[in-house]
Amino acid sequence: MPDADAELDATGLVCPEPLMLVRNRVREMASGAVLHVLATDPSTGRDFHNFCRFMGHELVAEERDGDRFEYWIRKG
């Protein structure tokens, strides 16, 4: 998976909390930086895809391991 410049652990949180945390963290990052996100809420997949599409970021990769989801988001 891509190297990450920052990591955010949103495990145990449910919508809309993971999305709000990601939004705030990405806002603080430099353009081109990658955020690695850990989550357990299944709706994060849909949320992060839409977030990236609407805000001009790139969902570089995603993985699922049981109930755990991982995302790598590159700031646009």
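Is Arg68 buried, partly exposed or exposed, and at what relative accessibility? Arg68 counts as partly exposed, because its relative accessibility is 38%. The legends below describe close-up views of a predicted model.

**Figure 1. Overall fold of the predicted protein, built from two helices and four strands.** Along the sequence the elements follow the pattern β-α-β-α-β-β. The C-alpha atoms occupy a box of roughly 30 × 25 × 20 Å along the principal axes. The radius of gyration is 11 Å, which agrees with the value near 11 Å for a compact globule of 76 residues. Buried residues account for 41% of the 76 residues. The protein exposes about 4,400 Å², of which carbon and sulfur atoms supply 49%. Among contacts between residues at least 6 apart in sequence, 67% join residues at least 24 apart.

**Figure 2. The open sheet of four strands, ordered E1-E2-E4-E3.** The pairing within this sheet is mixed. Strand E1 (6–10) and strand E3 (58–65) stand at the edges; each has a single partner strand, so one side of each is left without a neighbour in the sheet. On average, neighbouring strands are turned by 15 degrees against each other, direction ignored.

**Figure 3. Helices H1 and H2 against the sheet.** Helix H1, comprising residues 17–28, lies across E1, strand E2 (34–39) and E4. Its direction makes an angle of about 165 degrees with E1. Helix H2, comprising residues 44–55, lies across E2, E3 and E4. For H2 the stated angle is about 5 degrees, taken to E4.

Figure 4. Val22 counts as buried, because its relative accessibility is 0%, and the cut-off for a buried residue is under 20%. When its neighbours within four places in sequence are left aside, Val22 is in contact with Leu8, Leu35, Val37, Phe48, Phe51 and Ile73. Asp67 provides a point of reference for this view: Val22 and Asp67 are 45 residues apart in sequence, and their C-alpha atoms are 19 Å apart in space.

**Figure 5. The hairpin of E3 and E4, with two residues between the strands.** E3 and strand E4 (residues 68–74) pair in the antiparallel sense over seven bridges. Two of the facing positions may be located by name. Glu63 has Glu70 in E4 as its bridge partner, and Glu62 stands opposite Tyr71 in E4. In this hairpin, Gly66 takes a positive phi near 65 degrees.

**Figure 6. The salt bridge between Glu58 and Arg74.** The side chains of these residues meet at a distance of 3.4 Å, N to O. Glu58 lies in strand E3 and Arg74 in strand E4, so the pair ties together parts that are 16 residues apart in sequence. Glu58 is partly exposed, with a relative accessible area of 40%. Arg74 is likewise partly exposed, at 29% relative accessibility.

**Figure 7. The salt bridge between Arg68 and Glu70.** The closest N and O atoms of this pair are 3.9 Å apart, and the contact counts as a salt bridge because the criterion is a nitrogen within 4 Å of a carboxyl oxygen. Arg68 counts as partly exposed at 38% relative accessibility, whereas Glu70 is buried, with a relative accessible area of 15%.

**Figure 8. The salt bridge between Arg46 and Asp47.** The side chains meet at 3.1 Å, N to O. Arg46 counts as exposed, because its relative accessibility is 51% and the cut-off for an exposed residue is over 50%. Asp47, by contrast, counts as buried at 11% relative accessibility. The count for the protein comes to three salt bridges.

Terms used: Residues numbered from 1 in each chain as written. Predicted model: local features only at pLDDT ≥ 70, side-chain atom pairs only at ≥ 80, totals over all residues. Heavy atoms only, no water. Pairing = 2+ DSSP bridges. Axes fitted to C-alpha atoms, helices over the stretch in contact; angles between N-to-C directions. Contact = heavy atoms within 4.5 Å. Rg over C-alpha atoms; globule rule 2.2 N^0.38 Å. Buried < 20%, exposed > 50% of the residue type's maximum accessible area, 1.4 Å probe, protein only. Areas by Shrake-Rupley, 256 points an atom, 1.4 Å probe, with all protein chains shown as cover.
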